[in-house]
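User: I'd like to learn how to read helix packing in a model. Can you walk me through it?

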Amino acid sequence: EEQKDKSFVQFKSMAYGYRAAWKILQSYYERFCMDGKPFTVRNIISRWAPPNENDTEAYIINVLKLASIGGKEKLLPPSNASSYGRLSRMIAAMTTVECGVPFNQVDTEAISQGYLLAFPKNKEKLEEWLLEEDEYGPKILSFLLFDVLEDLTYFILGYSSDVVTRI
């Protein structure tokens, strides 16, 4: 496909663009491990949007706020299906910062499709994990519920040492 912008790659669909994002995040994880750096939102954004091209600190603050992730929170590698929830929120927040799309209007289906294009072997693991029952029903329900409750606890009670980086 012909590229119209020499500075940025264009993809045939949003899903393929998100596939590239997932693959880039996996390469960051591997690089950070080699360099002894933690895989955190702060380190990811600092590499993704360097200060010589962006207001990196504002970018980080916006992503942390939108995705409700702590700035120093160590994230699992993208290739681990258990990382999907947090990293997909981070990618949605990055989409908001990069493209100006309101956070609640980001195409989360394309993010999911991109994940499965990037890590096709994880399809069954991801489906199993999301549908697995716990004491509250399917994990996807408690995952969403408890993630929201956890975030509210951080903001309302403020008893996380990481709360400052979450704002």
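Analyst: Happy to. Keep in mind that this is a predicted model. Let's begin with handedness: H1 passes H2 in a right-handed crossing.

User: What angle do the axes of H1 and H2 cross at, and how do I put a word to it?

Analyst: The general idea is to sort the angle into a class, and 65 to 115 degrees counts as roughly perpendicular. Here the axes of H1 (residues 14–35) and H2 (residues 41–48) cross at roughly 110° and come within 11 Å. So H1 is roughly perpendicular to H2.

User: Which residues of H1 and H2 meet?

Analyst: From H1 you have Ala-21, Ile-24, Leu-25, Tyr-28 and Phe-32, and they meet Asn-43, Ile-44, Arg-47 and Trp-48 in H2. Sorted by class, that contact has seven nonpolar residues, one polar and one charged.

User: Now the other pair. At what angle do H3 and H4 pack?

Analyst: H3 (residues 56–67) and H4 (residues 84–99) pack at about 130°, their axes 8 Å apart. Angles over 145 would count as roughly antiparallel and 65 to 115 as roughly perpendicular, with the rest oblique. That's why H3 is oblique to H4.

User: Is the crossing of H3 and H4 left-handed or right-handed, and which residues make the contact?

Analyst: H3 and H4 cross in a right-handed way. On the H3 side, look at Tyr-59, Asn-62, Val-63, Leu-66 and Ala-67. H4 brings Arg-89, Met-90, Ala-93, Met-94, Thr-96, Val-97 and Glu-98. Their classes come to eight nonpolar, two polar and two charged residues.

Key
Residues are numbered from 1 along each chain as its sequence is written. This is a predicted model: local features need pLDDT of at least 70, side-chain atom pairs count only at pLDDT 80 or more; totals for chains, interfaces and linings use all residues. Side-chain values use heavy atoms; hydrogens and water are left out. Axes are lines fitted to C-alpha atoms, for helices over the stretch in contact, and angles run from 0 to 180 degrees between N-to-C directions. Helices (H or I, at least four residues) and strands (E, at least two) are DSSP runs, numbered from the N terminus. Angles under 35 degrees count as roughly parallel, over 145 as roughly antiparallel, 65 to 115 as roughly perpendicular and the rest as oblique. A crossing is left-handed if the near helix is turned anticlockwise from the far one by less than a right angle, and right-handed if clockwise. Contact means heavy atoms within 4.5 Å. Ala, Val, Leu, Ile, Met, Phe, Trp, Tyr, Cys and Pro count as nonpolar, Asp, Glu, Lys and Arg as charged, and the others, Gly among them, as polar.
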